[in-house]
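Hello,

Here is the structure we discussed handing over. Please have a look, then read the notes below.

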Amino acid sequence: MEKSRASSSPAGATGRFGSPPVVLGGFLLLLALVFTGSYALGAAVGPIGPTPDPSSTTGPAPATENPHHGGHS
């Protein structure tokens with residue numbers, strides 16, 4: 001006669017990770033912690049690129065012609 005194996009999880013257990021709202025809440029908490037940490041690190045380090053040249057941003061934009069558009073001769 002074969003014996004049935006007893007379940008390794010207690011009766012009423014919902015699974016390995018819990019219910020979907022708990023998993024979603026944990027994910028959102030982890031996401032918020034990652035974004036908060038990256039924002040704090042970025043604020044502490046500051047900008048990593050050079051500042052823009054003020055003379056290049058105050059003048060009129062240079063006129064450029066696109067060879068793919070415009071008057072066809």
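Which residues make the nonpolar surface patch of about 510 Å²? They are Leu24, Phe27, Leu28, Leu31 and Phe35. Such patches take residues with over 30% relative accessible area and no salt bridge, with nonpolar side chains (Val, Leu, Ile, Met, Phe, Trp, Tyr) joined within 5 Å. A salt bridge is a Lys or Arg side-chain nitrogen within 4 Å of an Asp or Glu carboxyl oxygen. Areas are Shrake-Rupley values with a 1.4 Å probe.

This is a predicted model: local features need pLDDT of at least 70, side-chain atom pairs pLDDT 80 or more, while totals for chains, interfaces and linings use all residues. Numbering runs from 1 along each chain, and side-chain values use heavy atoms, without hydrogens or water.

The protein has two helices and zero strands (DSSP runs: H or I, at least four residues; E, at least two). Leucine 28 sits in helix 1, residues 20-45. Leucine 28 is partly exposed at 47% (buried is under 20% relative accessible area, exposed over 50%). None of the 26 residues of helix 1 is buried, so helix 1 lies largely in the open.

Best wishes

Conventions
Patches are made of residues with over 30% relative accessible area and no salt bridge: like charges are joined within 9 Å, nonpolar side chains (Val, Leu, Ile, Met, Phe, Trp, Tyr) within 5 Å. Buried means under 20% relative accessible area, exposed over 50%, partly exposed in between (1.4 Å probe, protein chains only).
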